[in-house]
Amino acid sequence: MKGRLMRVAYMPGDGVGHEVSVESQQILAQVAERDGFKYQLIPFDLGATRYLGTGEVLPDAILEKLRGCDAILLGAVGDPRVPPGVLEKGILLRLRFEFHQYINLRPVRLFPGVEGPIKGKGPDDVDMIVVRENNEDLYVGAGGFTRKGTPEEVAIQTSINTRAGVERAIRYAFELARKRSQTGSFRGLSEADRKQGFVRQVTLVAKTNVLTFAHDLWMRAYQEVAQEYPQVKADYQHVDACCMRMVVAPERFDVIVTTNMFGDIITDLGAVLQGGLGLAASGNINPERTAPSMFEPVHGSAPDIAGKGIANPLASILSLAMMLDHLEKPRSADRVRRAVASVLAAGTPRTPDLGGKSTTKEVGQAVRDALALDKSR
Ligand code: NAD
Ligand code: IPM
Ligand code: MN
């Protein structure tokens, strides 16, 4: 990355995607100025407006322009005027697949000052990260209809799980657990676990009791990779029990690795654990950096509140921080997270999803003010 101007694709997308992305964009400008790095912001107008106006979803020429960028900052796609799946599959999933963003990284962390939904569970109890496999499973679009529209109709949608695809996601999760050990050991480990030498934990979330082919492959790959990480406890939860435990005992989770479909579902639950979708960030990562990675809030275009100026911009801003980490600007990433943390700790301003009355812009401004006050180097 050194010696060349960093290229950031700016893709606000649809609905509240616009409202939250503009705040992140301003914060990027501020932090770049502060930390003395330069970048080029390249706007892309993909989404419902383009589709409804021209019929285009993601033209190949634009895909190639995106490929030349170092990272993509995405708002959200999806619009009630467009049939379901057209924009979601045509833009979001196509980019995840074409750019080999095979990891979807979704931290679940409750910031001090934010009221979590579970009585008696605070920031010390909610600090996990989900590694969602992002290129396979039910998402590949394998399947079809026969006798469509008749009473005998059959619809098939197949979950694709390749050994290589599964193994690289699992390995990423163990590597992440190893990295997390640098920030201390996992508090959820028992005395007996510690005696065995474990410092961190990975939980495989699957459904081995029913999906006895696909998730048997997952389990075998998991057990083999786990052998290479003797300091990481290899835990397992069925996805249904995982949902229950995430609510009852979130402190039992450190790193979770799971399939694309289950990862989608449990990370909306994870979003609630951290104070709602307005705070949940994510990165679609190409670990080999052969194409750009893409950073976006977990939430969608939120048509119910779009245009009102009240969407919470913090999920987008925290996704920007993940982008800065990926672009090897960890100091700037930490700065952004500290600014968000200080706004949340102050209790105000807050958008309505967090019980406040403030606007998107007021919260964005508060983060910029906090950044300006940040005295650390
Ligand atoms: P959604 O995430 O857009 O909204 C769910 C609920 O959360 C809504 O009540 C919404 O108001 C609220 N919410 C979401 N973001 C918020 C924010 N920043 N601040 C405050 N409240 C917020 O999910 P949905 O309604 O199921 O989907 C709407 C559209 O978005 C659909 O077209 C869907 O396919 C698409 N979608 C896109 C992405 C993406 O681009 N990554 C993700 C999820 C859904
Ligand atoms: C998400 C979204 C997407 C997904 C949709 C919009 C395709 O729900 O990023 O969580 O299912 O991955
Ligand atoms: Mn989702």
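**Surface, bonds and backbone**

A: This is a predicted model. On the surface, Met 244, Val 247 and Val 248 form a nonpolar patch with about 250 Å² of accessible area together.

Q: Where does Val 248 lie?
A: Val 248 is in helix α8, which covers residues 239-248.

Q: And is Val 248 buried or exposed?
A: Val 248 counts as exposed, because its relative accessibility is 52% and the cut-off for exposed is over 50%.

Q: Switching to cysteines. How many disulfides are there?
A: The structure holds zero disulfides.

Q: Is Cys 242 buried or exposed?
A: Cys 242 is buried, with a relative accessible area of 0%. Cys 69 is buried as well, at 6%.

Q: OK, salt bridges. How many?
A: The count comes to 29 salt bridges. Side chains of opposite charge can pair when their charged atoms come close.

Q: Which side chain does Glu 175 meet in a salt bridge?
A: Glu 175 meets Arg 178, at 2.8 Å from N to O. Both residues lie in helix α5 (residues 163-180), three residues apart, about one turn of the helix.

Q: Why does that spacing work in a helix?
A: An α-helix has 3.6 residues a turn, so residues three or four places apart point the same way.

Q: What about Asp 254, which residue does it pair with?
A: Asp 254 and Arg 180 meet in a salt bridge, 2.9 Å from N to O. Asp 254 is in the loop between α8 and β10 (255-258) and Arg 180 is in helix α5, so the pair ties together parts that are 74 residues apart in sequence. Asp 254 is buried at 0% relative accessibility, and Arg 180 is buried at 15%.

Q: Which residue does Lys 233 pair with?
A: Lys 233 forms a salt bridge with Asp 193, 3.1 Å from N to O. This pair links distant parts of the chain, with Lys 233 in strand β9 (residues 232-238) and Asp 193 in helix α6 (residues 191-195), 40 residues apart. Lys 233 is partly exposed at 22% relative accessibility, whereas Asp 193 is buried at 10%.

Q: Which residues are linked in a network?
A: Salt bridges link Asp 35, Arg 331, Arg 335, Arg 338 and Asp 374 in a network.

Q: Now the backbone. Which residues have a positive phi without being a glycine?
A: Among them are Asp 137, with a phi of about 65°, and Arg 289, with a phi of about 60°. Most residues other than glycine have a negative phi, and most peptide bonds are trans.

Q: Where are those two?
A: Asp 137 is in strand β6 (residues 137-146) and is buried at 5% relative accessibility. Arg 289 is in the loop between β11 (281-285) and β12 (293-297) and is partly exposed at 41%.

Q: Where is there a cis peptide bond?
A: The bond from Thr 348 to Pro 349 is cis, with omega near 0°. Pro 349 lies in the loop between α11 (330-346) and α12 (360-373).

Methods
Residues are numbered from 1 along each chain as its sequence is written. Chains are lettered from A and ligands numbered from 1 in the order in which they are written. This is a predicted model: local features need pLDDT of at least 70, side-chain atom pairs count only at pLDDT 80 or more; totals for chains, interfaces and linings use all residues. Side-chain values use heavy atoms; hydrogens and water are left out. Helices (H or I, at least four residues) and strands (E, at least two) are DSSP runs, numbered from the N terminus. Buried means under 20% relative accessible area, exposed over 50%, partly exposed in between (1.4 Å probe, protein chains only). Patches are made of residues with over 30% relative accessible area and no salt bridge: like charges are joined within 9 Å, nonpolar side chains (Val, Leu, Ile, Met, Phe, Trp, Tyr) within 5 Å. Accessible areas come from the Shrake-Rupley method with a 1.4 Å probe; for residues, only the protein chains shown count as cover. A salt bridge is a side-chain nitrogen of Lys or Arg within 4 Å of a carboxyl oxygen of Asp or Glu. A disulfide is a pair of cysteine sulfur atoms within 2.5 Å.
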